[in-house]
Amino acid sequence: AGAAPRWAAPGAGRVRDDLPEPKRPTRPPERRPAEDVIQVPAFLVGRVIGRAGVTVRAIEDNHGVKVDVDKAAARDALRDAVDVRVTAPDKAARESAITAILAIVDQAEAGRPARRREASGDAMDLTDDGFGPVASGGP
């Protein structure tokens with residue numbers, strides 16, 4: 001019979017109790033970047049990201065922040081809004097980046113046609129004569 005494999009050697013599966021507990025690196029609380037979360041309409045997430053990420057990278061570079069878009073939620077067709085996280089240690093940087101993102105959203109919404117269009121056609125006479133509204137323009 002040959003020698004037992006190394007993993008099967010006596011004591012190979014035991015945990016050593018004499019090792020110190022590993023320490024996780026932590027940042028001091030004042031250095032830990034804070035984050036703000038805003039919601040962007042799902043149909044406008046592409047505008048915030050931009051073609052190949054150009055717009056979101058420009059926001060990150062210009063404002064010194066990290067912008068993270070919940071891509072899984074953005075792909076979900078049933079979602080109305082998507083979370084966008086803006087992370088930076090400086091509150092002013094986060095607020096300026098959020099202002100830039102909301103400006104993109106507002107500009108895109110202003111150029112989008114209204115979801116509900118008012119009925120076009122003859123004006124309605126809304127005088128209350130007991131019979132309800134009556135279309136005007138008749139003899």
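**Entry 1: the H2/H4 pair**

Helices here are DSSP runs of H or I with at least four residues, and strands are E runs of at least two, numbered from the N terminus. I noted that this is a predicted model, where local features need pLDDT of at least 70 and side-chain atom pairs count only at pLDDT 80 or more, while totals for chains, interfaces and linings use all residues. Residues are numbered from 1 along each chain as its sequence is written, and side-chain values use heavy atoms, with hydrogens and water left out.

I then looked up the geometry: the axes of H2 (residues 54-63) and H4 (residues 91-111) come within 9 Å and cross at roughly 150°. Axes are lines fitted to C-alpha atoms, for helices over the stretch in contact, with angles from 0 to 180 degrees between N-to-C directions. H2 and H4 are therefore roughly antiparallel (over 145 degrees).

Which residues in H2 meet H4? I found Thr55, Ile59 and His63 on the H2 side, facing Ala93, Ser96, Ala97, Ala100, Ile101 and Ile104 in H4. By class, that contact has six nonpolar, three polar and no charged residues. Nonpolar covers Ala, Val, Leu, Ile, Met, Phe, Trp, Tyr, Cys and Pro; charged covers Asp, Glu, Lys and Arg; the others, Gly among them, are polar.

**Entry 2: the sheet**

In what order do the strands of the open sheet of three come? I read S1-S3-S2, with antiparallel pairing. S1 (34-41) and S2 are the edge strands, each pairing on one side only. The twist averages 25° from one strand to the next. Pairing needs at least two DSSP bridges between two strands.

I checked both pairings. S1 and S3 are joined antiparallel over eight bridges, and Asp36 has Val86 in S3 as its bridge partner. S2 and S3 (residues 81-88) also pair in the antiparallel sense, over four bridges. H4 comes back here: this helix lies across S1, S2 and S3, at about 5° to S1.

I followed Lys66, which pairs with Thr87 of S3 as its bridge partner. Its relative accessibility is 49%, so Lys66 counts as partly exposed (buried is under 20%, exposed over 50%, partly exposed in between, with a 1.4 Å probe and protein chains only).

Beyond four places in sequence, Lys66 is in contact (heavy atoms within 4.5 Å) with Glu60, Arg85, Val86 and Thr87. I also looked up Arg94: Lys66 and Arg94 are 28 residues apart in sequence and 8.9 Å apart in space, C-alpha to C-alpha.

**Entry 3: Glu60**

Buried or exposed, I wondered about Glu60 of H2? Glu60 is buried, at a relative accessible area of 17%. Not counting residues up to four places away in sequence, Glu60 touches Val65, Lys66 and Val67.

**Entry 4: whole chain**

I finished with the totals. The chain has four helices and five strands, running β-α-α-β-α-β-α-β-β from the N terminus. Of its 139 residues, 20% count as buried. Among contacts in the chain with a separation of 6 or more, 59% join residues 24 or more positions apart.

Technical notes. Angles under 35 degrees count as roughly parallel, over 145 as roughly antiparallel, 65 to 115 as roughly perpendicular and the rest as oblique.
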